[in-house]
Amino acid sequence: MPQEIKLDRHDLALLRALQRNARASLQELSAEVGLSSSPCWARIKRMEEAGVIEGYTIKVNAELVGVPDQLIVQLTLDSHSEDALEAFGRQLEAIPEVLEAYLVSGDYDYVLRLAVKGTRDYERLLREQLYKIPGIRHSKSSFVLRRLKSGNLAL
């Protein structure tokens, strides 16, 4: 389990600024949080090393790159042994259309978010990959009609 680290107001301000624009220059970040460049850089490196900052990414417009449809898929497995859960997780990692996968409580064991080209592409994915994973007992799929909110962690 990762250990929580103490973050002060400057650390939180840096995290908010980086969430808004991970490409901001050190000078821009320093000016925004009220620190000079050296302490600003040291704080960023400390948060990276501690795992608070997990990485830097870009947002890609899925529609413009040819995968306009997203789905939420709920899955139930036959077995809940540690080996079965680990094997299932490894197989999901190999499917590029799976954007996120969560082990959850409730009626289903997993909730997945997928990106596909359309219904035919999803049907192909089901036949060729998802339904070939041993141990899936039941699934329920819902196409995302519209994203209402997408955001970062509130700090």
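Which residues is Leu114 in contact with, leaving aside its neighbours within four places in sequence? Keep that question in mind during the tour. The model on screen is predicted.

**Stop 1: helices α1 and α3**

Select residues 9-20, which form helix α1, and residues 37-49, which form helix α3. The axes of these two helices come within 10 Å and cross at roughly 80 degrees. That angle makes α1 roughly perpendicular to α3. To see the contact, show the side chains of His10, Asp11, Leu14, Leu15 and Leu18 on α1, then those of Cys40, Arg43, Ile44, Arg46 and Met47 on α3. Sorted by class, the residues of this contact are six nonpolar, one polar and three charged.

**Stop 2: helix α2 against α3**

The axes of α2 and α3 are 9 Å apart, and the two helices pack at an angle of about 100 degrees. Here too the angle has a name: α2 is roughly perpendicular to α3. From α2, the contact uses Leu26, Gln27, Leu29, Ser30 and Val33; from α3, it uses Ser37, Cys40, Trp41 and Ile44.

Is Ser30 buried or exposed? Ser30 is buried, because its relative accessible area is 6% and the cut-off for buried is under 20%. Beyond its neighbours within four places in sequence, Ser30 is in contact with Leu35, Ser36, Ser37 and Cys40.

**Stop 3: two aromatic pairs**

How many aromatic pairs does a search of the whole structure find? The search finds two. Start with Phe88 and Tyr110, whose ring centres are 4.5 Å apart and whose planes are 50 degrees apart, which is a tilted pair. Phe88 sits in helix α4 (residues 82-93) and Tyr110 in strand β3 (residues 110-116), so the pair ties together parts 22 residues apart in sequence. Phe88 and Tyr110 are both buried.

Next, select Tyr122 and Phe143. This pair is edge-to-face, with 5.9 Å between centres and 85 degrees between planes. Tyr122 belongs to helix α5 (residues 119-128) and Phe143 to strand β4 (residues 136-143), and the pair links these distant parts of the chain, 21 residues apart. Tyr122 has 6% relative accessibility and counts as buried, while Phe143, at 34%, counts as partly exposed.

**Stop 4**

In soluble globular proteins, nonpolar side chains tend to be buried together. The largest nonpolar core here has 19 residues, and the members that touch the most others are Phe88, Leu112, Leu114, Tyr122 and Leu130. Strand β1 (69-77), α4, β3 and α5 each supply at least two residues of this core. A second, separate core has 13 residues, including Ala17, Leu18, Leu35 and Ile44.

Select Leu114 to settle the opening question. Apart from neighbours within four places in sequence, Leu114 is in contact with Asp69, Gln70, Leu71, Val73, Glu97, Val98, Leu99, Tyr122, Leu125 and Leu130.

**Stop 5: Glu97**

One of the contacts of Leu114 is Glu97. Glu97 is found in the loop between α4 and β2 (98-103). With a relative accessible area of 14%, Glu97 is buried. Show its surroundings: not counting residues up to four places away in sequence, Glu97 touches Arg113, Leu114, Ala115, Val116, Arg124, Leu125 and Gln129.

Technical notes: Residues numbered from 1 in each chain as written. Predicted model: local features only at pLDDT ≥ 70, side-chain atom pairs only at ≥ 80, totals over all residues. Heavy atoms only, no water. Axes fitted to C-alpha atoms, helices over the stretch in contact; angles between N-to-C directions. Helix = DSSP H or I, 4+ residues; strand = E, 2+ residues; numbered from the N terminus. Parallel < 35°, antiparallel > 145°, perpendicular 65-115°, else oblique. Contact = heavy atoms within 4.5 Å. Nonpolar A, V, L, I, M, F, W, Y, C, P; charged D, E, K, R; others polar. Buried < 20%, exposed > 50% of the residue type's maximum accessible area, 1.4 Å probe, protein only. Phe/Tyr/Trp six-rings, centres within 6.5 Å; stacked < 30°, edge-to-face > 60°. Core = buried A, V, L, I, M, F, W, Y, C linked by side-chain atoms within 4.5 Å.
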